[in-house]
Amino acid sequence: MELAAALPLGELAAAFAALPIFPLFDTAYFIVSVLYLKYEPGAVEMSRKSPFASWLCAMLHCFGSYILADLLLGESPIDYFSNNSSVILATAVWYLIFFCPMNLFYKCVSFLPVKLIFVAMKEVVRVRKIAAGVHHAHHHYHHGWFIMMAIGWVKGSGVALMSNFEQLLRGVWKPETNEILRMSFPTKASLYGTVLFTLQQTHWLPISEANLIFFFTMFMIVCKVFMTATHSHASPFAPVENFICPVFFGSVSTGHSSHHHDHHGASHEVSHPPPPPAKSKEELNEGTRKRKAKKAE
């Protein structure tokens, strides 16, 4: 028995899951993705110096999830580029955001109320891509749970997992920005979401795929729109993670850092020159006599 079978939202969820993504939602996805590219330092200058490199970065932002998922599944990484309509649409969005006269298109789509609508629409595409990735992997590996999770996660995370490669195209190398080391909210949410969709696909979660798509999409829309509107980077998962992670994985030890600090503190103390020795009483009296004699002269 399904948990959401008796809910009146069942028909709404089914209609929502069947909603076509192209071209409306895909356009919003491309707009937000290329906006994030333009926010990167040096992206505008690069688009003037090397438009082709800028276009390649934009295509990675728009189709990076498909490329990485195809590589993991042993398929052609350029297979998605056979979809001419999507590539042309993404190219048009890239050109308008970077080269539209007086930045009119960029100013319109980056206006916060308009941008929030596009952000919400992008999350619709993200969740649909997670579900499609899990379903695609299940078709090839019926019992490969971890493969389903990996493909769903890659499909949902987009170019984030390829950020270091995308930075190389822009002539930037920042290994400390590795997304696996410091996951952003969309990457974490995609990981948790792909676990849910994998459990649903393997019939361990008693809910239909349409209902799961609907409820998880609503969760993603609310969180991402709120974070964008408030310019917040705090993850909604942080309170739960702060409670669970120390229990299962332990807390970060500060012993090494304190020892490191003490060692450096000791070295700093040793490096200071010793204070001059105190003068004896005879030296002080002799100095006083000399000053008095000089004053008398």
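Which residues does Ser 163 touch, not counting residues up to four places away in sequence? Thr 177 and Glu 179. Contact here means heavy atoms within 4.5 Å.

Some ground rules. This is a predicted model, where local features need pLDDT of at least 70, side-chain atom pairs count only at pLDDT 80 or more, and totals for chains, interfaces and linings use all residues. Residues are numbered from 1 along each chain as its sequence is written, and side-chain values use heavy atoms, with hydrogens and water left out.

Back to Ser 163. Its place is helix α9, residues 163–169. Helices are DSSP runs of H or I, at least four residues, and strands are runs of E, at least two, numbered from the N terminus. Buried or exposed? Ser 163 counts as buried, at 15% relative accessibility. The cut-offs: buried is under 20% relative accessible area, exposed is over 50%, and partly exposed is in between, with a 1.4 Å probe and protein chains only.

Next, the backbone. Phe 22 and Pro 23 are joined by a cis peptide bond, with omega about 5°. Pro 23 sits in the loop between α1 (9–17) and α2 (24–39).

Two residues have positive phi without being glycine. Asn 103 has a phi of about 55°. You will find Asn 103 in the loop between α5 (84–99) and α6 (104–110). Asn 103 is partly exposed, at 28% relative accessible area. His 231 also has a positive phi, about 55°. The loop for His 231 runs between α11 (209–230) and α12 (238–249). His 231 is exposed, at 64%.

Now Phe 25. It belongs to helix α2. Phe 25 is buried, with a relative accessible area of 13%. What does Phe 25 contact, leaving aside its neighbours within four places in sequence? Leu 19, Pro 20, Met 121, Val 124 and Val 125. Look at Val 125. Phe 25 and Val 125 are 100 residues apart in sequence, yet their C-alpha atoms are 6.6 Å apart in space.

On to the rings. How many aromatic pairs does the structure hold? It holds 19. Rings of Phe, Tyr and Trp (its six-membered ring) pair if their centres lie within 6.5 Å; planes under 30 degrees apart are stacked, over 60 edge-to-face, and the rest tilted. Take Phe 16 and Phe 214. Their ring centres are 5.6 Å apart and their planes are at 85°, so this pair is edge-to-face. Phe 16 lies in helix α1 and Phe 214 in helix α11, so the pair ties together parts 198 residues apart in sequence. Both Phe 16 and Phe 214 are buried.

Another edge-to-face pair is Phe 63 with Phe 81: 5.5 Å centre to centre, 70° between the planes. Phe 63 is in helix α4 (residues 51–72) and Phe 81 is in the loop between α4 and α5, so this pair ties together parts 18 residues apart in sequence. Phe 63 is buried, at 1% relative accessible area. Phe 81 counts as partly exposed, at 25%. Phe 63 and Phe 81 also belong to one aromatic cluster, with Tyr 29, Phe 30, Tyr 66 and Tyr 80.

Last stop, Lys 38. Its charged end sits over the ring of Phe 98, 5.7 Å from the centre. Lys 38 also lies over the face of Tyr 106, at 4.1 Å from the ring centre. The test is NZ of Lys or CZ of Arg within 6 Å of the ring centre and within 35 degrees of the ring normal.

That's my tour. Questions welcome.
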